Amino acid sequence: MRYLPLTEADRSAMLGVIGAKSIDDLFVDVPAEARLSGPIAGLPLHASELAVERHMTRLAAKNLSAGAAPFFLGCGAYRHHVPASVDHIIQRGEFLTSYTPYQPEIAQGTLQVMFEFQSQIARLLGCDVANASMYDGSTACWEAITMARRVTKRAKAILSGGLHPHYVSVANTMAKYTGDQLVTSLPTLSPTPDTDDLIAQIDDDTSCVVVQYPDILGRIADLSKLAEAAHAKKALLIAVVTEPVALGAIKSPGEMGADIVVGEGQSLGVGLQFGGPYVGLFACSEKLVRQMPGRLCGQTVDAEGKRGFVLTLSTREQHIRREKATSNICTSSVLCALAMSVHMTLLGEKGLRDLAAINHAGASAAADRLAQVKGVDLITPTFFNEFTVKLSKEARPIVRALADKGILAGVSLGRLYPGIADLENGLVVAVTETTTQEDVETLASALEEALA
Amino acid sequence: MSNINPSGWRPTTPQASGAAGDDVTFTGNRALMLEEALIFEIGSTETTGVDFGTAPRATSRLGGLERTDTIGLPGLSEPETVRHYTRLSRQNYAIDLGLFPLGSCTMKHNPRLNEKMARLPGFADIHPLQPVDTVQGALGVINELAQWLVTLTGMHGVAMTPKAGAHGELCGILCIKAALEARGEDRRVLLVPTSAHGTNPATAAFAGFTVEDIPATHDGRVDLEALKARLGPDVAGVMITNPNTCGLFERDMKAISDAVHAAGGYVYCDGANFNAIVGRVRPGDLGIDAMHINLHKTFSTPHGGGGPGSGPVVLSEALSPYGPLPFTELYADGHITLVEEETVGDRHPHTFGRMTAFQGQMGMFTRALTYILSHGADGLRQVAEDSVLNANYVLRAMEDVLDAPFAKSGPCMHEAIFSDKGLPEGFSTIDIAKGLIDEGFHPMTVYFPLVVHGAMLVEPTETESKATLDQFIGALRSVANRAKQGDPALKAAPALAPRRRLDETAAARKPVLVWKDAALAQAAE
């Protein structure tokens with residue numbers, strides 16, 4: 001087997017050193033009735049690289065990849081062009097095959113990347129500090145809600161109807177077991193988000209208000225009023241960003257007063273990957289840092305006074321605190337954070353602003369074009385690179401029918417909110433720098449035909 | 001000689017007194033050991049390594065919220081970017097460079113075929129919310145991997161979505177909680193041995209359980225009689241790592257499971273050490289109700305410097321009804337559907353809900369399936385055998401130099417444990433670890449598990465050759481002997497790494513977590 005270097009001669013020699021007659025001697029502690037005498041029946045045996053590649057390639061070919069179709073899906077995962085050097089760098093063995101940097105003297109590469117990533121993310125989100133990443137946006141969002149409970153010692157969290165329904169779903173699952181009370185609502189196909197409703201619900205029991213920016217329908221709301229209202233009741237404002245490229249064009253949540261900003265970093269450097277692995281972003285104000293979950297890297301010096309980096313504030317973490325830890329999280333998403341960090345370094349501030357401007361202009365043009373189609377109404381007057389239209393028919397079957405023609409038309413709200421009649425005609429359409437005018441025309445014509 | 005080399009050239013020879021640390025250079029570099037500044041020190045907000053056309057002019061629909069501050073994101077040109085990260089990469093130790101014997105972490109070779117397959121556009125470039133008819137191959141990967149995991153573990157079902165091992169633990173514990181609720185029982189106590197990974201008690205506490213210790217016997221295993229004595233109507237179950245973190249197989253596992261079940265509880269198994277038994281033992285045969293599988297350990301998806309991981313959870317028949325959404329379902333005609341909120345209906349009414357957006361770590365599933373197909377049932381069995389053989393070889397080669405507290409208990413599984421007993425005053429495990437760094441090896445896991453004083457947990461994995469093991473053993477013996485002889489130089493190790501020992505105390509006392517620059521900060525205001 002090509003991945004196993006021991007030869008039969010090695011094995012016998014080593015058994016000799018150990019003083020065992022056969023390999024079975026080393027498994028004597030397994031009760032006899034649980035020992036398998038040979039390879040598990042019914043499973044294939046080892047295969048050559050060529051054979052495995054053939055099998056996997058066949059499976060891959062059964063999928064319609066985004067690059068092979070006019071593609072308009074968003075809702076928490078976005079398709080952007082990733083420069084070739086990003087993938088080259090994350091495949092450097094020294095990054096790919098290293099472990100969590102518990103031995104900092106021989107992990108300065110990963111640690112400096114973490115420190116640079118934390119600095120980039122804090123700036124992008126407009127916060128004092130950021131951690132070295134979480135699993136993904138949805139789990140980061142839940143961790144922020146529990147952190148707000150630890151900080152405020154209150155259990156009621158108010159979740160905006162504009163928050164990604166999967167994120168709400170994750171929070172609902174976890175809250176069942178932790179005693180957090182969640183106030184949730186559905187989005188409505190209206191021009192403005194639910195800011196005023198959220199403000200009206202904040203009371204003295206409220207730990208936090210959770211709002212997505214831009215929201216699930218693509219709408220953008222000023223968070224300043226919401227932050228003021230939350231702070232007036234000593235509650236925290238948590239902002240959730242699922243499309244970080246937007247922050248090259250619109251104000252950061254931190255600048256508008258958000259106390260914790262979490263998000264999904266997938267859209268920069270990581271790629272779609274059918275939902276994972278992604279990279280959760282987590283940033284907050286300096287005074288909350290000791291309540292933060294997840295890995296943190298800090299600057300220090302070595303014995304010769306040279307600058308270096310280490311994992312720090314680990315007394316918050318499970319391997320030290322065990323059942324009293326801020327979270328059970330034991331890992332982050334460092335390789336994805338590296339990809340995101342490299343992409344941000346390649347872009348720089350100028351590149352990120354250009355990228356954001358191109359996205360916004362493309363989405364604006366697409367929204368105008370689609371709105372010309374009979375039976376398509378643009379619902380969202382404000383948006384970045386993703387907007388919602390209301391079709392004259394249920395969107396779900398139309399999305400499926402267009403997929404049959406090789407067009408990936410967007411995310412139907414029926415997929416995200418099954419059984420909600422008011423939302424079933426809604427279609428969320430994302431447009432990035434990868435979308436061509438021809439793609440938009442193809443979608444417009446197909447919708448025209450489908451809605452006729 | 002002079003005929004061959006009339007120029008008088010001679011090979012360079014190091015000065016006898018020239019210790020590497022004494023050389024001072026203008027740059028601070030030492031030949032191939034290159035210092036690298038932060039992007040904030042070398043980049044600028046006006047530099048970019050990506051070319052864009054001009055954005056078409058458009059009316060802003062940003063609601064008057066245009067970003068006007070300086071974000072402060074430095075950019076580099078492409079060549080500078082590649083060089084920056086390449087230089088940084090060279091300050092890392094990695095499996096590609098050498099043996100990485102971290103106990104309970106299973107740092108094995110990461111085959112590059114797995115990387116190649118994960119990057120096929122049909123897997124890498126598909127959106128999680130595409131209509132299921134357009135992603136049948138991706139659902140096929142999930143389904144095929146799920147079948148393998150269920151068969152290899154002899155369990156009933158599997159939850160594929162957990163994002164990492166600790167997330168998988170949470171999944172398993174929530175299944176237990178949901179099952180107890182369905183029975184209308186409010187059992188609050190989970191029994192967890194002190195030797196457990198820190199994630200075990202943290203997970204149990206997160207789900208609202210009280211954690212109580214399970215006593216261990218003198219030979220490093222769960223004390224069955226003490227456990228039985230503690231079982232009762234308030235005990236929800238146990239969390240046991242098997243093979244355990246002392247590197248031993250829990251001989252009484254089946255008896256433990258039977259006792260817990262008889263008392264109405266459930267058995268969670270931490271599957272971090274599955275590599276030792278894959279293909280030789282099915283946890284299902286030992287009465288396990290739930291076990292997470294770290295795809296980044298046993299099935300070789302890369303650790304990436306600390307994630308992403310992936311932690312599918314195999315479940316017994318008793319717990320399967322409570323597993324999370326979404327999951328795949330294969331029909332007789334070969335069509336695979338994704339069962340999520342909208343399609344679940346009454347098919348999976350007891351699910352505890354969703355743990356994450358989307359379908360889990362697809363990129364890791366592709367890699368793990370590629371790895372599994374490469375090995376097959378026979379190769380995976382060989383994985384377990386060679387990993388256990390390698391660990392026992394290290395154990396026996398070291399036990400005369402380092403204290404091996406359980407060496408008399410019989411063979412170890414895929415990791416060997418040592419303690420700091422016998423080291424002179426002032427010397428500890430950390431010194432041996434740092435000494436190994438100078439020898440060109442990553443240290444073993446240190447100070448874990450907590451039940452062994454100054455623990456050193458060595459897991460060589462099956463992808464190391466005998467020659468590499470012999471060299472490692474030689475280095476470890478040398479360093480251990482230096483510690484025993486009280487060599488003061490060892491207290492200052494590492495001397496040859498990119499950095500000497502770092503001041504972790506100062507880092508925690510006054511945390512500097514982001515780069516701050518006065519000039520840029522002012523510009524932002």
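In what order do the four strands of the open sheet in chain A stand, and is their pairing parallel or antiparallel?

**View 1. The open sheet of chain A in the predicted model.** The four strands follow the order 10-11-13-12, and their pairing is antiparallel. Strand 10 (376–378) and strand 12 (411–412) of chain A stand at the edges, and because each has a single partner strand, one side of each is left without a neighbour in the sheet.

**View 2. The pairing of strand 10 with strand 11 in chain A.** These two strands of chain A run in the antiparallel sense and are joined over three bridges. Within this pairing, A:Asp377 has as its bridge partner A:Lys390, which belongs to strand 11 of chain A.

**View 3. The contact between the two domains of chain A.** Chain A is divided into domain 1, made up of 67–81 + 348–451, and domain 2, which spans 84–343, and the C-alpha centres of these domains lie 27 Å apart. Domain 1 of chain A brings 31 residues to the contact, and domain 2 of chain A brings 27 residues. On the domain 1 side, helix 11 (334–371), strand 11 (386–391) and strand 13 (426–430) of chain A each supply at least two residues, with the largest share, seven residues, coming from helix 11 of chain A. By class, this side of domain 1 has 17 nonpolar, nine polar and five charged residues.

**View 4. The contact between chain A and chain B.** Here 166 residues of chain A are in contact with 172 residues of chain B. Helix 11 of chain A gives 21 residues, the largest share of the chain A side, and that side comprises 86 nonpolar, 52 polar and 28 charged residues.

Key. Residues are numbered from 1 along each chain as its sequence is written. Chains are lettered from A and ligands numbered from 1 in the order in which they are written. This is a predicted model: local features need pLDDT of at least 70, side-chain atom pairs count only at pLDDT 80 or more; totals for chains, interfaces and linings use all residues. Domain bounds come from an automatic or database domain assignment. Two residues are in contact if their C-beta atoms, placed from the backbone, lie within 7 Å. Ala, Val, Leu, Ile, Met, Phe, Trp, Tyr, Cys and Pro count as nonpolar, Asp, Glu, Lys and Arg as charged, and the others, Gly among them, as polar. Two strands pair if DSSP finds at least two bridges between them.
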